[in-house]
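Here is a short briefing for a reader who is meeting this structure for the first time.

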Amino acid sequence: MLEVGQSAPEFKLQSTSGETISLADYRGKNIVLYFYPKDMTPGCTTEACDFRDNHSKFAEVNTVVLGISPDPVEDHQKFTEKHELPFPLLADTEHEVAEAYGVWQLKKNFGKEYMGIVRSTFVIDQNGKIAKIWPKVKVEGHVQEVYDFIKESLS
């Protein structure tokens, strides 16, 4: 598992805009890297819309938001358009980045076991170090908690 103070694992993934985005592209800014299971599902929609509704507040504290799930770019584009998301969603279809961040885990649902994303958020500081980790995120109130941490600790 990753720990606060470690360098965040680097990656390159395709985004909703079709361009390839890497963590290094945002050096000098704080990054909210949030992993979520699936586009268009209730919890993931609520979380994405909460980040959308607070997007300008994050920008004011020199912070970008990036969402990552195993969904393909086409699904991300539909999700982004439907909910007018102002930040990139990244397609981790081979779940390599999710594995590097330790969020690709065994899950249980209705008696079935399967591998999938455990909803988690990482705040990465301007120098590429992990500043905070929220494993097993509960959506309600989470975005405000992330913003408060950045405002108090990184701005």
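Asn62 lies in the loop between α2 and β4, where helices (H or I, at least four residues) and strands (E, at least two) are DSSP runs numbered from the N terminus. The model is predicted, so local features need pLDDT of at least 70 and side-chain atom pairs count only at pLDDT 80 or more, while totals for chains, interfaces and linings use all residues. Residues are numbered from 1 along each chain as its sequence is written, and side-chain values use heavy atoms, with hydrogens and water left out.

**Positive phi angles**
- Asn62 has a positive phi of about 55° although it is not a glycine, and at 26% relative accessibility it counts as partly exposed (buried means under 20% relative accessible area, exposed over 50%, partly exposed in between, with a 1.4 Å probe and protein chains only).
- Lys136, in the loop between β9 (130-134) and α5, also has a positive phi, of about 50°, and is exposed at 59% relative accessibility.

**Salt bridges**
- The count comes to four salt bridges, each a side-chain nitrogen of Lys or Arg within 4 Å of a carboxyl oxygen of Asp or Glu.
- One of them joins Lys38 and Asp71 at 3.3 Å, N to O, and this pair links distant parts of the chain, 33 residues apart.
- Another joins Arg119 and Glu47 at 2.8 Å, N to O, with Arg119 in the loop between β7 (112-117) and β8 and Glu47 in helix α1, 72 residues apart.

**Helix α1**
- The buried residues of α1 (residues 42-53) are Cys44, Thr45, Glu47, Ala48, Cys49 and Phe51.

Definitions and conventions:
The expected span of a helix is 1.5 Å times one less than its number of residues.
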